[in-house]
Amino acid sequence: MPYLTKAIHLANRIYRLHHPNHHHYRLGLPYSALIHHYFCSNSRKKDDNNAIDLSQYPTDKIRNFSIIAHVDHGKSTIADRLLELTGTIKRGHGIAQYLDKLQVERERGITVKAQTATMFYDYNNKESNTSYLLNLIDTPGHVDFSYEVSRSLAACQGALLVVDAAQGVQAQTVANFYLAFESNLTIIPVINKIDQPTADPDRVKEQLKSMFDLDPSDVLLTSAKTGQGLEHVLPAVIERIPPPPGKRDSNLRMFLLDSYYDEYKGVICHVAIVDGCLRKGEKISSVATGQSYEVLDVGIMHPELRSTGYLLTGQVGYVVSGMRSTKEARVGDTLFHTRTTVEPLPGFKPAKHMVFSGLYPADGSDFEALSHAIERLTCNDASVSVARESSTALGLGFRCGFLGLLHMDVFHQRLEQEHGTHIISTVPTVPYIFEYSDGSKVEVQNPGAFTSDPKIRVVASWEPTVLATIIIPSEYVGVVINLCSERRGEQLEYSFIDSQRAFMKYRLPLREIVVDFYNELKSITSGYASFDYEDSEYVASDVVKLDILLNGQPVDAMATIVHKLKAQRVGRELVDKLKKFIDRQMFEITIQAAIGSKVIARETISAMRKNVLAKCYGGDVTRKKKLLEKQKEGKKRMKRVGSVDIPQEAFHAILKVMWHPTWHVTWHPTWQMTWHEYMCR
């Protein structure tokens with residue numbers, strides 16, 4: 001006991017805390033609550049003194065805008081500088097790419113999730129000094145997340161179109177411009193990175209003029225890294241972008257832009273108030289589900305959640321309403337006051353899944369943990385479709401639909417980083433449509449669901465296609481045309497942006513895109529190619545199901561659908577790879593690739609053989625033959641009852657052959673960067 005008393009006395013030495021009143025506090029455990037109370041109460045006083053009054057911002061003093069650009073053209077860095085310029089975050093104290101919250105975003109240097117921030121800016125014009133409320137939305141730049149961009153643009157009246165001064169107009173620049181143009185947004189062109197040695201702003205201005213008919217005199221020249229020219233961005237936003245339309249005295253109508261799940265608050269919805277106003281404690285209803293909720297909290301993102309108690313017409317903020325699942329918060333939904341009648345706002349078209357893949361736990365006993373992890377993650381990513389499935393080789397798992405390969409990579413990486421799961425991913429596939437001899441049509445997302453019944457004949461098949469936009473230096477036109485022809489592409493458009501760059505548009509099968517097309521495109525153009533695509537129609541195609549058989553038994557997890565012309569090559573590569581990774585057994589293993597009942601490739605793994613003649617030191621040859629025959633019979637019996645253990649490396653090999661760009665990320669995120677990361681640099 002004396003030792004304990006002495007320890008407490010030592011811990012309770014008096015220290016002077018450095019605050020204006022110069023009070024003394026003891027640092028031992030009995031006094032920690034006092035210290036905590038002082039700092040917490042001090043921070044609350046600060047928040048109370050800086051309470052935000054949104055009522056002083058009518059719609060004519062509000063501007064909603066987003067930042068759109070190609071990958072790695074400086075969107076997030078410009079967003080950081082604008083947040084610093086308006087005092088939303090402290091200059092030099094924030095972390096880089098402040099609005100990129102996810103670990104995977106920081107590791108890969110890309111934006112995956114659109115983020116919103118509210119800024120307050122004092123605009124000094126010739127007449128007076130007026131304070132404006134600016135809502136900034138930082139959007140992703142990769143084609144897989146164009147769905148996020150379209151949702152963000154719905155809440156805006158204008159957009160900053162950011163273009164790299166050295167790289168110029170890229171494929172995703174074109175795609176994002178037309179997204180904004182179709183939404184009738186005011187577009188402010190911004191040429192970024194003018195501090196680079198290779199920057200050529202005049203050439204980029206000519207590209208913007210020829211591609212989008214944008215006046216070169218309207219272009220802003222900036223460097224987000226050095227801060228040069230950024231002082232002209234916000235005045236241009238205020239002067240050129242119109243205020244949000246809407247009537248404050250009308251019934252409440254608000255647009256649901258996005259939602260995510262918080263462990264403590266439940267579902268947090270990002271909304272844009274179109275008409276009327278919303279206050280804490282009011283009852284709201286959903287047009288899509290018809291359910292009613294009570295507003296528990298409402299506020300703005302400044303840049304973190306900041307409760308204000310109300311939102312007014314034209315403002316963008318968040319709402320906590322007690323929803324238990326993001327499935328209740330349907331993106332594009334219209335929310336309104338309960339017991340009122342409103343005209344629903346036009347919503348979004350639903351997300352279209354382009355790539356499907358099976359997810360299985362590496363250890364079969366971890367299925368419940370994987371199920372819980374996927375459920376939690378889909379709460380924050382509603383664009384993923386999930387359905388349960390089972391495999392004879394891998395057990396229970398899930399069939400997931402993704403917007404693209406990078407989307408799939410990011411989902412896998414978030415499962416491992418945020419939830420600690422270890423997964424096996426099957427070969428990604430695209431959806432096909434088959435017509436059978438009995439007249440029925442079926443969409444097949446999983447090759448295992450494709451019937452192999454010889455009585456039911458496939459009379460026609462269709463595969464999805466995409467409209468691909470390719471921008472390349474003019475000297476690489478020939479090799480790119482050859483590549484697209486090899487991938488069964490159809491040329492739709494071919495023109496020159498300027499004397500150095502060519503613009504090409506092709507219709508390509510989606511399967512050819514998600515295999516290794518971009519990897520080869522970058523290779524043959526020395527990394528200068530820019531690529532983007534959007535989904536198109538289904539076209540007739542001669543595709544077949546390729547089965548992998550081990551000792552005559554099909555392995556459903558390794559089945560895939562390929563074009564008939566490439567089936568022979570793919571089948572040969574698959575069996576060659578599997579032979580290297582499957583261990584030898586005490587019996588012979590035959591590996592076959594087959595289309596229906598026709599075997600197109602075969603490899604054999606010979607059995608491990610014990611030397612049964614070791615104990616024979618001479619003697620009659622019939623004795624040796626008898627021992628060898630006995631061993632041979634035992635091998636046959638073992639082959640009938642034995643099972644082949646397929647190691648994870650064999651699945652790696654399959655993915656490497658079929659889908660080289662992504663195979664290793666599924667397993668070891670610490671390995672070398674994928675082609676998606678290479679593309680995003």
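I began with what pairing means here: two strands pair if DSSP finds at least two bridges between them. I also noted at the outset that this is a predicted model.

**Entry 1, a strand pair.** With that rule in hand I looked up strand 9 (residues 253-262) and strand 18 (residues 334-337), which pair in the antiparallel sense over two bridges. Within this pair I found M254 of strand 9 standing opposite L335 in strand 18.

Next I turned to helix 9 (residues 367-378) and helix 10 (residues 405-419), whose axes come within 10 Å and cross at roughly 110 degrees. Angles of 65 to 115 degrees count as roughly perpendicular, and helix 9 and helix 10 are therefore roughly perpendicular to each other. The crossing in which helix 9 passes helix 10 is right-handed. On the side of helix 9 I listed L370, A373, I374, R376, L377 and T378 as making the contact, and on the side of helix 10 I listed F411, R414, L415, E418 and H419. Sorted by kind, the residues of this contact divide into six nonpolar, two polar and three charged.

Is helix 8 (residues 233-240) mostly covered or uncovered? I found it mostly covered, with six of its eight residues buried, and these are V233, L234, P235, A236, V237 and I238.

I located T186 in strand 7 (residues 186-192). Its relative accessible area is 25%, and because buried means under 20% and exposed over 50%, T186 is partly exposed. Leaving out residues up to four places away in sequence, I saw that T186 touches Q157, G158, A159, R240, I241 and P242. For one of these, R240, I noted the separation from T186: 54 residues in sequence, but 7.3 Å in space, C-alpha to C-alpha.

Last, I noted the totals, which are 16 helices and 33 strands. Buried residues make up 53% of the 681 residues. Among contacts with a separation of 6 or more, residues 24 or more positions apart account for 69%.

Methods:
Residues numbered from 1 in each chain as written. Predicted model: local features only at pLDDT ≥ 70, side-chain atom pairs only at ≥ 80, totals over all residues. Heavy atoms only, no water. Axes fitted to C-alpha atoms, helices over the stretch in contact; angles between N-to-C directions. Helix = DSSP H or I, 4+ residues; strand = E, 2+ residues; numbered from the N terminus. Parallel < 35°, antiparallel > 145°, perpendicular 65-115°, else oblique. Left-handed = near helix turned anticlockwise from the far one by under 90°. Contact = heavy atoms within 4.5 Å. Nonpolar A, V, L, I, M, F, W, Y, C, P; charged D, E, K, R; others polar. Buried < 20%, exposed > 50% of the residue type's maximum accessible area, 1.4 Å probe, protein only.
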